[in-house]
Amino acid sequence: MRGQIRSHGPGDAGFALVLVKRAIVLVALAAFFGGISIFINPASPRYGEDQIRKGEVPLESVVSNADVLWVDARDSRAYLTSHVKGALLINEDDYYKQIGAFLDEWKEGRIVVVYCSSHACPSAANIARRIRLETDATQVYSLYGGWERLLNSKAVTIETGVDK
């Protein structure tokens with residue numbers, strides 16, 4: 001069989017090596033072009049930048065309104081340690097047990113601001129979304145900056161060690 005050209009077939013080790021090389025080239029190309037699209041896409045998220053997301057509200061825009069209903073979405077222990085004066089505790093763990101207190105306090109047209117531990121905490125956005133979907137409240141927002149923002153502000157009164 002001298003002089004014949006050998007072709008690689010599915011059962012051949014050389015065939016597997018060719019497939020692996022091609023797969024590596026395809027993955028490298030995909031990573032390269034994906035990386036480029038992150039930098040040139042105008043709609044890509046701006047990581048690390050302070051931007052207010054949809055459904056968030058900055059503290060400065062709500063503190064002048066005396067009729068804000070504050071909702072604390074942190075865990076019960078954090079709430080009992082300290083919270084915004086008059087805030088209701090409604091967290092993801094006990095949402096259905098705690099939503100009744102919200103319904104008793106809320107009235108149409110009242111702005112609801114939900115906060116959790118930090119800007120990176122998703123609980124405030126989740127609770128705000130659930131309240132909007134499951135009640136008649138429409139002006140429900142998560143607080144941009146969360147509890148960290150509240151602690152660094154003199155705009156609200158913080159209660160400590162109060163059981164509500």
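Which residue forms a salt bridge with arginine 110? In this predicted model, the partner is aspartate 67, and the closest N and O atoms of the pair are 3.0 Å apart. Arginine 110 counts as buried because its relative accessibility of 13% is under 20%, whereas aspartate 67 is partly exposed at 27%. Salt bridges with shared partners join Asp67, Glu105, Lys107 and Arg110 into one network.

The whole structure holds seven salt bridges, including these:

| Pair | N to O distance |
|---|---|
| Glutamate 60 and arginine 149 | 1.8 Å |
| Arginine 74 and aspartate 72 | 2.7 Å |
| Arginine 110 and aspartate 67 | 3.0 Å |

Glutamate 60, in the loop between E1 and E2, and arginine 149, in helix H5 (residues 146-151), are 89 residues apart. Glutamate 60 is partly exposed at 48% relative accessibility, and arginine 149 is partly exposed at 26%. Arginine 74 and aspartate 72, by contrast, are both buried.

Now to the sheet. Five strands form an open sheet with parallel pairing, in the order E1-E6-E5-E2-E4. Strands E1 (56-57) and E4 (88-89) stand at the edges with a single partner strand each, so one side of each lacks a neighbour in the sheet. Strands E5 (residues 111-115) and E6 (residues 140-143) are joined by three bridges, and valine 112 stands opposite valine 140 in E6. Helix H4 (residues 123-134) packs on the sheet, where it touches strands E2 (68-72), E5 and E6, and its direction makes about 175° with that of E6.

Note on methods. Residues numbered from 1 in each chain as written. Predicted model: local features only at pLDDT ≥ 70, side-chain atom pairs only at ≥ 80, totals over all residues. Heavy atoms only, no water. Pairing = 2+ DSSP bridges. Helix = DSSP H or I, 4+ residues; strand = E, 2+ residues; numbered from the N terminus. Contact = heavy atoms within 4.5 Å. Axes fitted to C-alpha atoms, helices over the stretch in contact; angles between N-to-C directions. Salt bridge = Lys/Arg side-chain N within 4 Å of Asp/Glu carboxyl O. Buried < 20%, exposed > 50% of the residue type's maximum accessible area, 1.4 Å probe, protein only.
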